[in-house]
Amino acid sequence: MLLRGSLRLDRETIIVELLGDEEIKFPQKLKEERLKREMSQQQLGELHNINRQSISKWERGEGYPGIELLIQLSEIFDITIDELLKGDDHLKEQIIEDGKQLAYPKLKLFFDVLLVMGLLLVASKILILIGNKFLNLDITFFQGSILYATIPFITSIIGGIGSETLSKKYESE
């Protein structure tokens, strides 16, 4: 078998890449594609409005670009994202984690706002009841309506359950 390169230290493991036996990981693929197009790290960085040091870190495997930059890289190199990431399970997991961070906090924020709105509605309902009973106010805002009786509580319950469920799901993943 032909050796592709020499031994290299990858955190705690020594890896020998054998031609045809190992898939190329993202850092090697990035460097290979960049050199194939005779681009310097500086030139590639300028295309993405980032500095040369970021490209260097990616090629050393010390960091990874975000999904937006991966899409741009695949377009510049005229390869699919799958080809760019093939064999790099760590980066694939990182992209999945980044996707969760984008999706869950927005949904959790929605449920948090719903919970706060529900609690504010419950508090205002209590204040109206106290005002009517002890201060002889005559506030009849939706009184006697099924909506007036249930919406504040339902909103609080849905907001609380949704927020808690997403918090647990986000922590476990």
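Figure 1. Asn49 counts as exposed, at 73% relative accessibility; exposed means over 50% relative accessible area, buried under 20% and partly exposed in between, with a 1.4 Å probe and protein chains only. The model is predicted, local features need pLDDT of at least 70, side-chain atom pairs count only at pLDDT 80 or more, and totals for chains, interfaces and linings use all residues. Residues are numbered from 1 along each chain as its sequence is written, and side-chain values use heavy atoms, with hydrogens and water left out. Asn49 is placed in the loop between helix 2 (41-48) and helix 3. Although Asn49 is not a glycine, its phi is positive, at about 60 degrees. Helices (H or I, at least four residues) and strands (E, at least two) are DSSP runs numbered from the N terminus.

**Figure 2. Asn136 in the loop between helix 6 and helix 7.** Helix 7 spans 146-172, and Asn136 is found in the loop between helix 6 and this helix. Asn136 has a positive phi of about 55 degrees, although it is not a glycine. With a relative accessibility of 67%, Asn136 counts as exposed.

**Figure 3. The ring pair of Phe26 and Tyr64.** Two aromatic pairs are found in a search of the whole structure. The ring centres of Phe26 and Tyr64 are 6.2 Å apart and the planes stand at 50 degrees, so this pair is tilted. Rings of Phe, Tyr and Trp (its six-membered ring) pair if their centres lie within 6.5 Å; planes under 30 degrees apart count as stacked, over 60 as edge-to-face and the rest as tilted. The pair links distant parts of the chain, 38 residues apart: Phe26 lies in helix 1 (residues 26-36), and Tyr64 in the loop between helix 3 (52-60) and helix 4 (67-77). Phe26 is buried, with a relative accessible area of 0%, whereas Tyr64 is partly exposed, at 24%.

**Figure 4. The ring pair of Phe110 and Phe111.** The centres of the Phe110 and Phe111 rings lie 5.3 Å apart with planes at 70 degrees, so the pair is edge-to-face. Phe110 counts as partly exposed, at 47% relative accessibility. Phe111 is buried, with a relative accessible area of 17%.

**Figure 5. The packing of helix 1 and helix 3.** The two helices, helix 1 and helix 3, pack at an angle of about 125 degrees, with their axes 6 Å apart. Axes are lines fitted to C-alpha atoms, for helices over the stretch in contact, and angles run from 0 to 180 degrees between N-to-C directions. Helix 1 is therefore oblique to helix 3; angles under 35 degrees count as roughly parallel, over 145 as roughly antiparallel, 65 to 115 as roughly perpendicular and the rest as oblique. Ile55, Trp58 and Glu59 in helix 3 meet Phe26, Pro27, Leu30, Lys31 and Arg34 in helix 1, where contact means heavy atoms within 4.5 Å.

**Figure 6. Leu107 and Gly162.** Leu107 lies in helix 6 (residues 89-134) and is partly exposed, with a relative accessible area of 40%. From C-alpha to C-alpha, Leu107 and Gly162 are 8.7 Å apart in space, and they are 55 residues apart in sequence. For context, the chain has seven helices and two strands, and buried residues make up 29% of its 173 residues.
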